[in-house]
Amino acid sequence: WGVWSSPLYVRTVEPIQVALDLVGEEYAHVSWQRLPMVLPEDRISADMVVMVSAGNRQYKNASDQGPDGNLLFCGDPTVTEYHVKIFEINPNVSPDEADDSGSDRRLQYEVFIANNQTYLRIPSLQPNTPYEVRVCACNRWGEWGAWSNALQFTTAMPTEISIVEITREFVRVAWGKRKKKDRLPGDMDGGGPTHVDGDEDEYDRNIVKYQLKVVGKDDDYSSEITLDHAVHQYCIAGLNINCCYTIQVRSFIPDDDDWGQWCSPIYLAIRSVSVQLLETSQDWMRVCWKNTQAKDLREKKLFITRIGQSKSVTVTLQGDTIEYVFRDLSPAEHYSVHLLCIEQVPNYLPFGGGQHVLPQAESNINNSRQDSSATAISLPVVSMDYASFFT
């Protein structure tokens with residue numbers, strides 16, 4: 001064997017590093033850059049570094065000496081194109097079970113990007129889902145480098161909305177993001193507030209406003225209300241009887257300059273319920289009705305109204321009530337009993353259709369025995385005229 005040649009000192013190009021700038025429910029903003037070259041100043045000076053430029057791979061002899069020692073040849077970091085891949089990670093496959101077949105991930109999005117762009121908005125993601133991003137670069141000679149280290153992130157928890165209060169005048173809804181340890185109103189164990197102050201993630205802090213949408217499925221009611229970012233509850237009134245409504249909310253992120261997706265809808269049903277008389281005496285009567293209470297304890301209220309003696313009496317009942325006793329009645333009097341059920345239901349319950357009729361806040365009883373002391377009928381959310389009972 002002959003004598004070894006003079007050594008050639010080579011430094012490969014720095015890797016691509018990917019960063020997460022913003023993550024929402026259905027999108028993410030990522031950026032990347034090639035890390036700057038950092039050389040030990042005590043060993044290598046700038047005069048010792050030779051960059052390999054495009055189109056010319058012939059350089060000084062490796063034996064040539066710089067002013068301070070051997071030359072260090074560095075690869076050209078110039079990029080002509082980027083290749084970005086986004087994978088959805090299967091949370092049911094542990095890292096130990098993952099194999100080269102890619103059973104633990106699925107390609108969600110792939111794009112080639114020009115060299116002057118080092119950021120990307122990734123669309124069409126799913127809330128509360130883990131993803132992985134990798135980037136590689138192409139040099140001047142059309143050669144692709146190694147993939148960057150994987151950047152893993154999980155999209156934001158979805159915004160959820162729930163009915164938290166039902167009264168005679170309005171239905172109050174609340175919305176927010178469920179923390180994994182939290183429950184929303186209507187959950188099995190009672191729940192709590194949907195919005196947790198002081199523990200917001202970056203996505204929550206970037207929200208500047210919300211939009212609430214209520215749409216009638218059985219009438220032509222439609223309303224969209226824009227609310228400040230600090231508002232997480234709203235009272236809805238003026239709905240129709242025997243109708244079902246969808247309620248949704250979405251948020252506006254200025255960094256994305258667009259509205260996010262509507263959250264999954266909840267359904268509000270307002271319906272009349274048939275009432276049966278079980279027994280009655282001179283001064284009381286007991287009525288009953290069929291009633292199925294949801295197992296997940298969604299918000300539900302019953303409003304039973306007794307009309308008679310030129311006045312009305314409305315009583316609010318819990319959602320699981322199946323009978324009620326009216327007392328202090330007068331002998332030989334006519335009475336009418338009406339039951340209204342307002343509840344959050346798991347899906348759309350069709351009631352028919354028709355135009356939306358603005359509810360009457362009050363309706364007088366029109367009968368010959370009415371006097372100046374008569375009390376107006378006031379039913380929750382909607383009111384109806386029951387004068388035909390007395391004619």
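Colleague: What does the protein chain average in pLDDT?
Modeller: This is a predicted model, where local features need pLDDT of at least 70, side-chain atom pairs count only at pLDDT 80 or more, and totals for chains, interfaces and linings use all residues. Residues are numbered from 1 along each chain as its sequence is written, and side-chain values use heavy atoms, with hydrogens and water left out. pLDDT is the predictor's confidence in each residue, from 0 to 100. In the protein chain 73% of the residues score at least 70, and the average pLDDT is 77.

Colleague: Where does the pLDDT stay below 50, and how many contacts does the model have there?
Modeller: Take contact as heavy atoms within 4.5 Å. Residues 181–200 stay under 50 in pLDDT, and the model has 36 contacts for them beyond four places in sequence. The other stretch below 50 that I'd flag is residues 356–391; beyond near neighbours in sequence, its contacts in the model come to 83.

Colleague: In what order do the strands of the parallel open sheet come?
Modeller: Strands (E, at least two residues) are DSSP runs, as are helices (H or I, at least four), numbered from the N terminus; two strands pair if DSSP finds at least two bridges between them. Strand 1 and strand 7, residues 72–74, run parallel and share 3 bridges. The open sheet has 3 strands with parallel pairing, and the order is 1-7-4.

Colleague: Why is one side of strand 1 and of strand 4 left without a neighbour in that sheet?
Modeller: Strand 1 (9–11) and strand 4 (49–51) each have a single partner strand, so one side of each has no neighbour in the sheet: both stand at the edges. Neighbouring strands here are turned against each other, direction ignored, by an average of 30°. For that angle, axes are lines fitted to C-alpha atoms (for helices over the stretch in contact), and angles between N-to-C directions run from 0 to 180 degrees.

Colleague: Cys341 is another cysteine with a relative accessible area of 1%. How many disulfides does the count come to?
Modeller: A disulfide is a covalent bond between the sulfur atoms of two cysteines. The rule used here asks for a pair of cysteine sulfur atoms within 2.5 Å. Cys341 is buried, given its relative accessible area of 1%. By the distance rule the number of disulfides is 0.

Colleague: What does Arg172 stand opposite in strand 17?
Modeller: Strand 13 (residues 159–166) and strand 14 (residues 171–177) are antiparallel, with 7 bridges, and a hairpin of 4 residues joins them. Across that pairing, Glu165 has Arg172 as its bridge partner in strand 14. Strand 14 also runs antiparallel to strand 17, joined by 4 bridges. There, the residue opposite Arg172 is Cys235.

Colleague: Which backbone oxygen does the side chain of Asn291 reach at 2.6 Å?
Modeller: Asn291 lies in the loop between strand 22 (285–288) and strand 23 (300–308). A polar atom of the Asn291 side chain lies 2.8 Å from the backbone oxygen of Thr321. The one at 2.6 Å is the backbone oxygen of Gly319.

Colleague: Is Ala332 buried or exposed?
Modeller: Ala332 is in the loop between strand 25 and strand 26. Its phi is near 55°, positive in a residue other than glycine. Most residues other than glycine have a negative phi. With 86% relative accessibility, Ala332 counts as exposed.

Methods. Buried < 20%, exposed > 50% of the residue type's maximum accessible area, 1.4 Å probe, protein only. Polar contact = N/O pair within 3.5 Å; in protein donor to acceptor, adjacent residues only side chain to side chain.
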